[in-house]
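Here's a quick briefing to read alongside the model. Have the sequence and the 3D view open as you go.

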Amino acid sequence: MSRRLSRSLEQIRTALEAAGEAARERTGKSRARQAFEMMVLRARGYSPDDYYTLRLYERQPRSDDGLLRRREFSRLRYRLNPKHAEVVPFNKWVSSLYLETLGVRVPACHGMYHRKRGILRNGQRLSSAADVALLLARMPGGLVIKPIDGSHGRDVIVIVAYDAAHGRLQRADGSELALDQLVAKLDESAEGWVVQERIVQHPNLAALHPQSVNTARLVTLCSDDGVPAVIAGVLRIGTGDSEVDNTTGGG
């Protein structure tokens, strides 16, 4: 199997894990059918992310529909945003601490979990089940754990409660997870995980979908004089049991 084909199949598998079930509920299409359609659309330049973000599982794209593929979007973004605009690398741990120093209000970042170099903000270790248990005991409101360099809401774990006596975690989607199972999953990553506070959203937003934090986003564009203008706004809402509101996760 060629490296390119192997990479394509891995991208399809990852996309299916994130959004395949939500698309099946909407359309009745099996995961196998979705995977086949993604492979066909791949030949036309559409990525697995495009398949879910543009909802191509609901309709076939036309050549004149003006859809912006992710590859085209990336080229446009890098052309419009000079390189120096990326102050820090895409690392949620580093980015969170940097934004805090600028006074930007972001979810509190408690630490970075890694089986070898995990660390809390106070310098203590965060690299074992015992370390995670101590942190959970201090955070009754729960925690959010994300891949340190992840995107599209993939592999996000939202913990809403912790039963220390039995070592059991309750997730936002209603499922339960043993602490040892959680740590075993975290230890699979070579990069690590960022551990943040769990945001409690306004009741009106929670009424739309309580499992995820539903986010409003404003799209801005800076003109030549450097003044940003709002050109679009969107409210993202999760669906089903998903703990994220990302479109690639079914939102």
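This is a predicted model: local features need pLDDT of at least 70, side-chain atom pairs count only at pLDDT 80 or more; totals for chains, interfaces and linings use all residues.

- Helix α5 covers residues 92-101; helices here are DSSP runs (H or I, at least four residues), strands are E runs of at least two, and both are numbered from the N terminus.
- Its buried residues are Trp93, Ser95 and Ser96, where buried means under 20% relative accessible area, exposed means over 50% and partly exposed is in between (1.4 Å probe, protein chains only).
- Those buried residues of α5 pack against β1 (109-113), β2 (119-120) and β7 (193-197).
- Take Ser96, which lies in helix α5: it counts as buried because its relative accessibility is 5%.
- Leaving aside residues up to four places away in sequence, Ser96 touches Val106, Pro107 and Cys109; contact means heavy atoms within 4.5 Å.
- Just after α5, Gly103 takes a positive phi of about 85 degrees.

**Salt bridges**

- The structure holds 14 salt bridges, each being a side-chain nitrogen of Lys or Arg within 4 Å of a carboxyl oxygen of Asp or Glu.
- Arg33 and Glu37 pair up through their side chains at 3.1 Å, N to O.
- Both Arg33 and Glu37 sit in helix α2 (residues 31-42), four residues apart, or about one turn of the helix.
- An α-helix has 3.6 residues a turn, so residues three or four places apart point the same way.
- Arg33 is partly exposed because its relative accessibility is 42%, whereas Glu37, at 7%, counts as buried.
- Asp49 and Arg70 form a salt bridge at 3.8 Å, N to O.
- Asp49 lies in helix α3 (residues 48-53) and Arg70 in helix α4, so this pair ties together parts that are 21 residues apart in sequence.
- Asp49 counts as buried at 12% relative accessibility, and Arg70 as partly exposed at 29%.

**Glu72 in helix α4**

- Glu72 is found in helix α4, residues 70-80, and it counts as partly exposed because its relative accessibility is 26%.
- The side chain of Glu72 meets that of Arg69 in a salt bridge (3.2 Å, N to O).
- The Glu72 side chain also reaches the backbone nitrogen of Arg69 at 3.0 Å.
- Glu72 and Gly45 are 27 residues apart in sequence, yet their C-alpha atoms are 9.7 Å apart in space.

**The cavity**

- A search of the whole structure finds one cavity of 30 Å³ or more; a cavity is a set of points on a 1 Å grid over the protein atoms alone where a 1.4 Å probe fits but cannot get out, and lining residues have an atom within 4 Å of a point.
- The largest cavity has a volume of about 30 Å³, counted as the space filled by probe spheres set on the points, which are joined across faces, edges and corners.
- Its lining is made of Tyr113, Leu126, Val132, Leu143, Ile145, Leu186 and Val195.
- That lining divides into seven nonpolar residues, no polar and no charged; Ala, Val, Leu, Ile, Met, Phe, Trp, Tyr, Cys and Pro count as nonpolar, Asp, Glu, Lys and Arg as charged, and the others, Gly among them, as polar.

Conventions: Residues are numbered from 1 along each chain as its sequence is written. Side-chain values use heavy atoms; hydrogens and water are left out. On a 1 Å grid over the protein atoms alone, a cavity is a set of points where a 1.4 Å probe fits but cannot get out, and a pocket is an open set with protein on both sides within 12 Å along at least five of seven lines; lining residues have an atom within 4 Å of a point. A polar contact is a pair of N or O atoms within 3.5 Å; within protein, one must be able to donate a hydrogen and the other to accept it, and residues adjacent in sequence count only if both atoms are side-chain atoms.
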